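Dear colleague,

I am handing over the structure below, together with some notes on what turned up in it. Please look through the sequence and the coordinates first, and then read on.

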Amino acid sequence: MDALNILYQKIKEIINEKLIENKHKDLINYFVDTQLVKLEENNAVITTPFEITKLVLTSNSDIVKIINDTFSDFFKRDYKCSIITTNDYLKENSEMIEKELNDNLMSDFTFENFVEGPSNREAKTAALACAIKPGQKAYNPLFIYGDSGLGKTHLLNAIGNYIKENNSEMKVLYISSMTFVNDAVKAIKEKTIDEYKNQLNSLDVLLFDDIQNLSNKPQSKDIFFNIYNELFNNRKQVVLTSDRSPSQIKDVEDRLKTRFSQGLSVTINSLEYETAFEILKMKLKSHGINDNSIDDDVLSFIATNFSSDVRNLEGAINRLLFYSINFFNTQKIDLNVALEAFKDQKTTLLSKNDNLDVRNIIKAVADYYGLTEKQIKSKSRTKNIATARHISMYLSRKLLDLSYDKIGEEFGGKDHSTVLSAYEKIDKLVRENEIYKKIVDDIRKNII
């Protein structure tokens, strides 16, 4: 807490006593969210996030007198206090406290080139609604979560680009969690943290990527919490992304998790074949390649084998184009070209698709524990059955590189967060407990 607010806490205690003495006890709560932001020789400026607080405190001459008299008595000289909204204060002092922030938006990430499918339709709909009417209570904050590489960053930037195009006067910032941490640490070292907070508090839209990375960073979490509260209280739009739901984020206090859940939380699931296929066509178009230049069999091969996330699809397309340009003199890319381009990975791909699946893993775990496959897939919470189920989920992720959503489907419709929790639990046990490490290694050896 800075020196001004330490002083103001003492002054507020005196003001509260005077309010009680003068039978204005009901007005004490109006001072809770106020802050002292400027203190000069005979003037002080108090801010409040709420217009109603400003109106109540400035329209009552008794209250104005109590505030001015308290400051005058405290500092032993005449004082006149101004009470304004935080927003108005930031606007009036923008030249002093703001440096223009780059919005950091990636212009090629728009709603127009975001391929919609069953896996991401809910998230895209919510993102578009948020972009059309930012700040609406129903989706503020908007929290988008899902595995890495499924389009969360694309949607964040699409929101920002839409708002900039249709509401050019609005101040928008896209920022990753790690950039935020680095900027905050730098501001603390340079003693400009108040200026940095003021910059972010002046935003109309904050697009914050990978909020889970604030775990184990207490200073950055506190700074973000204060900024988030300021923006939320002023009905500014906040959009957050994470690889897990709000309740699953580790080392984040309940106060933040509660606030993240105040608006709307939506998930992006793993890509279905059809969506992956359409994404490939979009990627080819962005490379300036006509659909007729590549067989559908090739796109089907890539969509089948590289659909774990969008980055894998893009990497596969880049590899294919590199090989076709440098090693093949052909007007059309067919399946033979694709098989040659991916020959180093072909054995792995065929093994993954033809010989190993979730059922093999569940059977190996069931045999090891003397259980049935049905028991492992059941809802039983008996310790040995639950442990076997968690190990099966862990190995499905490790050996097949399936998304948490796909694994959940294989285990009777378990949700993303349940599978994630199971994976993290076994992963920790394997790293820290030799017995569990041996169990998992023994089961792995028995999997066909």
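In the sheet with which I would like to begin, Val45 stands opposite Ser82, a residue of β3. Please bear in mind throughout that this is a predicted model.

The strand β2, residues 43-48, and its partner β3 run in the parallel sense and are joined over six bridges. They belong to an open sheet of three strands, ordered β1-β2-β3, in which the pairing is mixed. Because β1 (35-39) and β3 (80-85) each have a single partner strand, they stand at the edges, and one side of each is left without a neighbour in the sheet. Direction ignored, neighbouring strands here are turned against each other by 25 degrees on average. Two helices accompany this sheet: α2 (residues 51-59) lies across β2 and β3 and runs at about 155 degrees to β3, while α3 (residues 61-75) packs on the sheet, touches β1, β2 and β3, and has a direction that makes about 125 degrees with that of β3.

Strand β4, residues 142-145, runs parallel to β8 and is joined to it by four bridges, and the bridge partner of Ile144 in β8 is Val266.

As background for the next part, side chains of opposite charge can pair when their charged atoms come close.

Asp73 counts as partly exposed, because its relative accessibility is 47%.

Another salt bridge is formed by the side chains of Lys236 and Asp204, at 3.1 Å from N to O. Lys236 lies in the loop between α10 (218-233) and β7 (237-242), and Asp204 in the loop between α9 (193-201) and β6 (205-209), so the pair ties together parts that are 32 residues apart in sequence. Lys236 counts as buried because its relative accessibility is 15%, and Asp204 likewise counts as buried, at 17%.

Arg244 forms a salt bridge with Glu424, in which the closest N and O atoms are 2.9 Å apart. This pair links distant parts of the chain, 180 residues apart, with Arg244 in the loop between β7 and α11 (254-260) and Glu424 in helix α21 (residues 416-432). Both Arg244 and Glu424 are buried. Elsewhere, Glu116, Arg121 and Lys124 are linked in a network of salt bridges.

Asp405 is found in helix α20 (residues 404-410), and, leaving aside its neighbours within four places in sequence, Asp405 is in contact with Ile268, Asn269, Ser270 and His416.

Finally, there are some points of backbone geometry. Most residues other than glycine have a negative phi, and most peptide bonds are trans. Asn140 and Pro141, however, are joined by a cis peptide bond, with omega about 0 degrees, and Pro141 is found in the loop between α6 (121-132) and β4. Asn104, in the loop between α5 (94-97) and α6, has a positive phi near 65 degrees, and with a relative accessible area of 36% it is partly exposed. Asn216, which lies in the loop between β6 and α10, has a positive phi near 65 degrees, and is exposed, with a relative accessible area of 60%.

With kind regards

Note on methods: Residues numbered from 1 in each chain as written. Predicted model: local features only at pLDDT ≥ 70, side-chain atom pairs only at ≥ 80, totals over all residues. Heavy atoms only, no water. Pairing = 2+ DSSP bridges. Axes fitted to C-alpha atoms, helices over the stretch in contact; angles between N-to-C directions. Contact = heavy atoms within 4.5 Å. Buried < 20%, exposed > 50% of the residue type's maximum accessible area, 1.4 Å probe, protein only. Salt bridge = Lys/Arg side-chain N within 4 Å of Asp/Glu carboxyl O.
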